[in-house]
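Keep the model open beside the text.

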Amino acid sequence: MAANQKKSRFSLKTRSLAMLLLGLAVLGLIASSPCTAAPVQDSLSTGSTRNKLLLISFDGFRWDYDRDVETPNLDKMAWDGVKALYATPAFLTITSPSHFTMLTGRYIENHGVIHNMWFNTTTQEKKQYYMTQFVDSYWDNGSLPIWITAQRQGLKAGSLHFPGTAATYQGETVMVRQVEPHFYDHSNESEWRLNIDEVIDEWFHQQDLDFVSLYFGEPDLIGHTYGPDSPERKEMVRQVDRTVGYIRDKIQDHGLTDRLNVIMTADHGMTTVLRSGQVEEIILSKIPGFSFKDIQFQLLDYGPLGMLLPKEGMLEKVYQALKGSHPHLHVYKKEDMPERLHYSKHPRLLPIILIADPGYIVNGFFPVHFNKGEHGFDNEAMDMKAFFRAVGPDFQSDLMVGPFDLVDLYPLMCHLLGIKPEIHDGHLNKSKDMLVPPTTTGGNDGDPGKNTHMEVLIGLSAVMGFLVLVFIITISYHVCKGNKA
Ligand SMILES: [Zn+2]
């Protein structure tokens, strides 16, 4: 009897120990489950793999450039996909800053690529757009472009000629890249086709990349040279349209139509420059009370934006001399910049910021550029708005949507790629309507703290954990009771 009782107690202990271990194992599994711990994966997935994404920028393609030119391929893309009335770029509406906003989802004052030009106010050194591409520290100052984020989450990314491609970010570069040579011919249609072949044939098809950004330097250049209303600009829009057709045919030829989303947009628009004879130009050296002797460093003669660093103790004098000096010149102390422009907080911005009204240019000593078209103006000006098209398996078809901000493109792209975004200034809910409604509840919407899918899973895990705990306590209670008996 005693021996039987001992045996019975022993087996009961063994069983309860086994139960306890099982319970702990279940708890351990719940705690380490990707549902509660890992960043969101493959947000659009319904068990299948994510779709690929191609981001294309046609520099300076204004929102309404398709209105006075026949654009059959752009029209077809709108029927097959989504067209937005226009996209509003972040301010400053120029190439490098605006493209880096697309890549990071941050306003320019937050990502720090504040201008096309790199400069050093102490040494007076300046680097033009092309050379600035190779100054790593200019680009790599806290905000990660989407290529690096995608790569860190297991995806393969590439970039061809897109601003920021040449730089290294926290020790990493975009995996597959092509940086254009100096003095590259950005307008050559044959070159464009070779670049498209490389991206579609080699990068997406052969190398199986997940995300590629592709840049074309037109119709920006032609818009500067001949003006946005010129026949040359219209001809370049036809070239862009043919290129859109070529891209879509290539995608089809490689069987990628159902696996590749394509987003096509631009960094800014273009407006006609008003010249002497038509208007009184803004020339700082002619302004009474203003002297270049009071200035330590200046960034002028670069479109409608000027920045000044006055010498020690001269800020108020310079500011007072310039303020109200020209009816189309807005003069701000950096900290007084309108908040909606999001262009005041970065330490690289100089203490006095000058912004000219659309059509006007901020000249230093005398006009040195004679562009017929220009950009860089307030992003509320309609001429600064960019075009937008998107097509692919995750986009609705024949859908026209209202305007949206280019800062919202980043969370949309992260959502499409199923990657967890970095901290950003955009909102996915403003661009999400373009997408085919999800068939499951899965999804990372790119807005931190709004992931209901995650919340449900965490809740379920907590309930399961609680039930296991109750089970263990009940078993333990019976063991103790058995021991006492
Ligand atoms: Zn330009």
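The dialogue below takes the sheets, the helices and the core in turn.

Q: What should I know about the model and its numbering?
A: This is a predicted model: local features need pLDDT of at least 70, side-chain atom pairs count only at pLDDT 80 or more, and totals for chains, interfaces and linings use all residues. Residues are numbered from 1 along each chain as its sequence is written.

Q: How many helices and strands does the chain have?
A: Helices (H or I, at least four residues) and strands (E, at least two) are DSSP runs, numbered from the N terminus. The chain has 14 helices and 20 strands.

Q: In what order do the strands of the eight-stranded sheet lie?
A: Strands of a sheet pair through backbone hydrogen bonds, either parallel or antiparallel. Two strands pair here if DSSP finds at least two bridges between them. The order is β7-β6-β8-β1-β9-β18-β2-β19, in an open sheet with mixed pairing. β7 (176–178) and β19 (399–401) each have a single partner strand, so one side of each is left without a neighbour in the sheet. Neighbouring strands are turned by 10 degrees against each other on average, direction ignored.

Q: How many bridges join β1 to β8?
A: Six bridges join β1 (residues 52–58) to β8 (residues 211–216), and the two run parallel. Leucine 54 has valine 212 of β8 as its bridge partner.

Q: Which strands form the four-stranded sheet?
A: β12-β13-β15-β14, in that order, form an open antiparallel sheet. Its edge strands, β12 (295–299) and β14 (329–333), each pair on one side only. β14 and β15 (residues 352–356) run antiparallel, joined by five bridges. Across that pair, leucine 329 stands opposite alanine 356.

Q: At what angle do α3 and α11 pack?
A: Axes are lines fitted to C-alpha atoms, for helices over the stretch in contact, and angles run from 0 to 180 degrees between N-to-C directions. α3 and α11 (residues 231–253) pack at about 50 degrees, with axes 7 Å apart. Angles under 35 degrees count as roughly parallel, over 145 as roughly antiparallel, 65 to 115 as roughly perpendicular and the rest as oblique. α3 and α11 are therefore oblique to each other. Contact requires C-beta atoms, placed from the backbone, within 7 Å. Pro72, Asn73, Leu74 and Met77 in α3 meet Asp241, Arg242, Val244, Gly245 and Arg248 in α11.

Q: Is α13 buried or exposed?
A: A residue is buried if 20 or more other C-beta atoms lie within 10 Å of its own, exposed if 12 or fewer, and partly exposed in between; C-beta atoms are placed from the backbone. Nine of the nine residues of α13 are buried, so the helix is largely enclosed by the rest of the structure. α13 (residues 409–417) lies across β1, β8 and β9 (260–265), at about 155 degrees to β1. Its cover also includes α4 (95–104) and α8 (146–152). Just after α13, glycine 418 takes a positive phi of about 70 degrees.

Q: Which residues have the most contacts inside the largest nonpolar core?
A: A nonpolar core is a set of buried Ala, Val, Leu, Ile, Met, Phe, Trp, Tyr and Cys residues joined through C-beta atoms within 7 Å. The largest has 110 residues, and Phe211, Val212, Leu354, Ala386, Met413 and Leu417 have the most contacts inside it. α13 gives the most to this core, with seven residues.

Technical notes: Contact = placed C-beta atoms within 7 Å.
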